[in-house]
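Welcome, and thanks for taking a look at this one with me. Here are some notes to read alongside the structure.

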Amino acid sequence: MKYVDEYRDPRLARSLLHEIRQTATQCWVLMEVCGGQTHGLLKSGIIQELEGVVELIHGPGCPVCVTPAEAIDFAQELALRPGVLLTTFGDMLRVPGSRESLLTVRARGGNVRLVYSPLDAVELARQNPSQQVVFFAVGFETTAPATALSVLQAAQLGLDNFSLLVAHVRVQPAMEAILQSAECRVQGFLAAGHVCTISGVTSYEELSARYGVPIVVTGFEPVDLLLGIQDCVAQLESGTASVSNQYQRNVRDAGNRHAMHIMSDVYATADRPWRGLGTIPSGGLVLRPEWRQFDAEYRFQRPTPTLLIECADCRSGDVLAGRIKPPACESFGTRCTPESPLGAPMVSSEGACAAYYRHAPKSGPHAVSITNTGR
Amino acid sequence: MCLAVPGKIVRWLDHDPTFGRAEVEFAGIRRICHMACVPDAAEGDYVLVHAGIAITQIDAVEAQRVLEDLAILNDVDEEHAL
Amino acid sequence: MTAAGNQYSCPIPEAAGERVTLAHGEGGRLTRKLIAEHLLPALGNQILSSLGDAAALPNVAGPLAFTTDSFVVSPLFFPGGDIGTLAVYGTINDLAVSGARPRWISLSLIIEEGLPLAVLDRILQSIAMAAKVAQVEVVTGDTKVVPQGAVDKLFINTAGIGEIVAPAPPGPASLEVGDELIVTGPLGRHGIAILASRENMGFEPPPHSDCAPLTPAVSILREAKYPIRAMRDATRGGVAAVLHEWASQAPVTMQIDEAMLPVTAEVRGVCELLGLDPLHIANEGVMVIAVPAGWGRQVVSLLRTLEVAAQAAVIGQVISQKIAPVVVRRALGTDQPLDEPLGAPLPRIC
């Protein structure tokens with residue numbers, strides 16, 4: 001597959017590993033912002049290979065994990081209302097709200113359907129005029145243009161049975177929140193490459209200058225990840241802290257103006273609670289008032305959310321903020337597993353806890369549960 | 001949310017600013033993707049697709065440059081190894 | 001409507017039309033009609049057509065293998081097969097990998113009322129065709145019809161009997177360090193075909209299931225008298241599930257190499273787009289085989305003479321127990337643990 005396979009080339013990866021080991025004179029602490037990068041780092045074994053050279057702290061970049069439980073509860077409530085079809089990405093189905101997941105809601109009769117794209121949900125609404133189709137919109141800036149476009153399409157088609165339950169979050173305010181925290185150990189960031197395809201590179205310059213940290217736009221394949229790490233380490237070794245782009249084939253400095261135009265047409269920024277992290281100023285997106293008719297919260301009269309207290313045995317907040325690694329949580333792998341998660345990062349395969357559980361060495365048998373597929 | 005996959009534009013179906021769509025090929029399969037964010041991409045170009053929508057056009061020249069730089073690095077390393 | 005109208009309205013239950021009704025399952029005239037006009041014409045043979053309460057099977061010399069399975073796939077029809085072909089091949093593949101030559105199967109249909117008879121006929125035709133290909137006979141059966149919503153259109157339960165013509169492979173407990181691991185075909189085709197058609201993913205060309213009988217592959221190995229340690233069809237949970245199960249039965253680790261896994265371009269494309277791992281995806285015409293060290297290449301070249309196993313490949317080996325029961329050699333050449341599949345794979349965009 002072009003533009004994928006080249007960046008999984010083991011020889012190139014090996015020589016980059018060699019370069020990084022040669023460059024580093026001490027162990028630097030880097031944060032990869034995006035959960036997709038966490039997954040790639042663990043799956044390829046880069047983390048073990050660079051032990052003692054670079055310590056990677058896993059950032060809050062799993063939008064599924066930081067979606068507040070109240071939002072999931074409301075989505076579940078909608079799925080159980082007669083005449084409503086709740087659509088969302090496959091990632092969201094297993095994430096627990098305050099009591100259960102959308103998958104269990106579907107099992108007791110909730111109308112939940114997974115779609116690959118929010119634009120497919122618009123098509124479902126067009127084909128099923130008697131149903132209220134709600135798309136549960138989660139994701140970072142990477143995903144927001146697609147959901148914004150779904151509103152523009154629904155409006156042009158004159159659909160009055162399509163709406164969004166918006167839980168979009170913005171990456172940059174979260175990075176800033178991490179840098180502001182007193183116990184922050186992060187010395188350099190690998191910025192989330194696919195978010196930057198939309199929002200660009202230049203917007204990080206102020207952040208990098210203010211906090212004196214290198215911010216390197218980084219991709220997801222092993223070679224891309226190593227290029228990002230190498231750049232970051234080289235900057236730290238030379239005492240510089242600037243913004244650079246190691247994902248230039250996909251990321252333009254100014255981002256994607258078409259995408260940003262669609263986004264700003266439909267969304268405004270707003271303060272937003274992040275699960276496990278608390279409210280982050282300007283940390284989310286909401287539909288602009290002129291699109292209120294496509295807002296599921298308005299259409300279905302969402303009750304004022306009450307903030308829920310997360311399970312005391314779950315330290316997902318500390319994991320998401322990069323304060324601890326998943327295995328440091330007492331519940332990790334014992335009371336909390338992908339089969340019965342306590343916190344959201346154990347659910348999504350992009351979540352730091354699940355990524356550790358899957359890829360980190362372990363001993364002893366673990367439970368199996370296989371549901372039927374394809375027979 | 002980060003899973004985005006490079007695919008080749010096989011043919012444009014509609015150039016509408018909101019409903020623009022093209023058929024895009026990923027390894028052995030094709031899917032119709034929404035193109036509102038990459039209106040200038042041409043057939044034969046590669047785009048990065050996320051959740052059914054092309055979010056950026058891949059810069060072939062830049063990609064080539066990085067791979068060439070890496071090839072040189074790799075050769076140097078192999079010489080060292082010998 | 002007048003009383004007279006009621007009196008003279010058509011009393012013939014067949015007026016229920018082209019769909020299966022609850023009455024078709026209640027043992028009366030409609031049941032007989034369903035059997036006589038739909039089931040027997042498609043599946044009839046000497047044993048089945050006697051319509052006894054049990055099938056009288058001819059005498060066979062030697063031990064028998066006996067298996068059962070249920071099929072609840074949605075959608076009923078998918079590119080490369082349907083619930084009927086799946087029911088036959090799924091059943092006989094379980095017999096084949098156990099060293100048996102499949103002979104007879106039973107067929108229980110649990111039908112949701114309202115299923116069009118034309119749909120049932122199409123599936124019965126598929127069953128007949130698959131049974132012919134696999135050289136088995138449907139010798140006994142049952143039909144139940146349940147109210148709407150009690151099942152999803154049609155469920156099929158089968159049992160299969162085969163003659164054990166050669167001793168079954170000794171099984172996973174006999175695995176030794178150095179044994180080579182083989183798959184008989186490209187991974188994940190069935191699961192991807194089902195996912196793509198059930199969720200209406202819009203892929204072109206629509207991915208095809210690999211649904212096929214494994215009997216030719218098993219017989220060719222048996223005839224060649226190659227030493228086989230273990231053999232298993234990699235259905236739900238994919239190759240990963242088989243390897244995990246094997247690793248749980250012997251104090252060894254299964255080591256496979258990502259670069260050696262056969263995957264079709266269509267499965268590759270879908271898996272990249274949806275964030276899935278072909279190792280976790282179901283197959284219906286692929287098995288995993290373990291052979292002693294040094295036999296891999298020979299076994300693979302023999303398998304490749306068959307159409308069903310044209311892309312057979314050695315994918316790894318058995319090594320002494322390591323950090324995890326199953327490890328995959330990934331891009332950097334290091335071994336990474338492969339997790340056991342958890343539930344049905346869900347597409348993701350994260």
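1. A definition to begin with: two residues are in contact if their C-beta atoms, placed from the backbone, lie within 7 Å. By that rule, the contact between the chains takes 41 residues from chain A and 30 residues from chain B. On the side of chain A that touches chain B, α8 (144–157) supplies at least two residues, and the largest share, 6 residues, comes from this α8(A). Helices (H or I, at least four residues) and strands (E, at least two) are DSSP runs, numbered from the N terminus.

2. This is a predicted model, in which local features need pLDDT of at least 70, side-chain atom pairs count only at pLDDT 80 or more, and totals for chains, interfaces and linings use all residues. Residues are numbered from 1 along each chain as its sequence is written, while chains are lettered from A and ligands numbered from 1 in the order in which they are written.

3. A word on confidence: pLDDT is the predictor's confidence in each residue, from 0 to 100. Chain A has a mean pLDDT of 90, with 93% of its residues at 70 or more. Please read residues 362–373 of chain A with care: pLDDT stays under 50 there.

4. Chain A is assigned domain 1 (5–61 + 181–245), domain 2 (68–168 + 256–299) and domain 3 (316–359), with bounds from an automatic or database domain assignment. The centres of domain 1 and domain 3 of chain A, taken over C-alpha atoms, are 22 Å apart. Here 14 residues of domain 1 of chain A are in contact with 11 residues of domain 3 of chain A.
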